[in-house]
Amino acid sequence: QVQLVESGGGLVQAGGSLRLSCAASGMIFSINAMGWYRQAPGKQRELVAAVTTGGSTNYADSVKGRFTISRDNAKNMVYLQMNTLKPEDTAVYYCNAIIIRVVGGKWYEYWGQGTQVTVSS
């Protein structure tokens, strides 16, 4: 089994910062891309940021310049540093990873349970 466990969410005032962490554990041979998605009430889940094994990153336009994604390949962890938070950043944030469990196996997509981020105005 593979588990993704997020931490670091919470309540913060507009303009503040939070750092999300996600740890992947279990039967893991290799992790390809890792990323963060979010879903606000009544809206579809959207990509916030993603990072490849080599460190290439991709961000949603709405968070560029404010959020930074990083990963620690040795620890199978991915982070999201969120600065200058806005009320519209309020959502449940989900960790995502593309993982191959055994040598020669297929890539599968895994999700964490989500962590709530609430930004007050």
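Reader: What makes Cys22 count as buried or exposed?

Author: The model is a predicted one. Cys22 has a relative accessible area of 0%, and buried means under 20%; Cys22 is therefore buried.

Reader: Why is the contact of Cys22 with Cys95 called a disulfide?

Author: The S to S distance between Cys22 and Cys95 is 2.0 Å, and the cut-off asks for sulfur atoms within 2.5 Å. The pair therefore meets the criterion. The structure holds one disulfide.

Reader: Why is the disulfide called left-handed?

Author: The torsion about the S-S bond of Cys22 and Cys95 is about -85°, and the disulfide is left-handed for that reason.

Reader: How do you know that E1 and E3 pair?

Author: Strand E1 (residues 2-7) and strand E3 (residues 18-26) are joined over six bridges in the antiparallel sense. Pairing requires at least two bridges, so E1 and E3 qualify. In E3, Ser25 is the bridge partner of Gln3, and Cys22 stands opposite Glu6.

Reader: What makes E1 an edge strand of its sheet?

Author: Four strands form an open sheet in the order E1-E3-E8-E7, with antiparallel pairing. E1 and strand E7 (67-72) each pair on one side only, and these are the edge strands. Neighbouring strands of this sheet are turned by 15° against each other on average, direction ignored.

Reader: Why is the contact between Glu46 and Arg38 called a salt bridge?

Author: The N to O distance between the side chains of Glu46 and Arg38 is 2.7 Å, and the cut-off is within 4 Å; the contact therefore qualifies. The structure holds four salt bridges.

Reader: What makes Asp61 exposed?

Author: Asp61 has a relative accessible area of 65%, and exposed means over 50%; Asp61 is therefore exposed. The side chains of Asp61 and Lys64 meet in a salt bridge, with N to O at 3.1 Å.

Reader: How do you know that Asp89 and Arg66 form a salt bridge, and what parts does the pair tie together?

Author: The side chains of Asp89 and Arg66 meet at 2.7 Å, N to O, against a cut-off of within 4 Å. Asp89 lies in the loop between strand E8 (77-82) and E9, and Arg66 in the loop between strand E6 (57-59) and E7, so the pair ties together parts that are 23 residues apart in sequence. Asp89 counts as buried at 1% relative accessibility, and Arg66 is buried with a relative accessible area of 10%. Salt bridges that share partners join Arg38, Glu46, Arg66 and Asp89 into one network.

Notes:
Residues are numbered from 1 along each chain as its sequence is written. This is a predicted model: local features need pLDDT of at least 70, side-chain atom pairs count only at pLDDT 80 or more; totals for chains, interfaces and linings use all residues. Side-chain values use heavy atoms; hydrogens and water are left out. Buried means under 20% relative accessible area, exposed over 50%, partly exposed in between (1.4 Å probe, protein chains only). Helices (H or I, at least four residues) and strands (E, at least two) are DSSP runs, numbered from the N terminus. Axes are lines fitted to C-alpha atoms, for helices over the stretch in contact, and angles run from 0 to 180 degrees between N-to-C directions.
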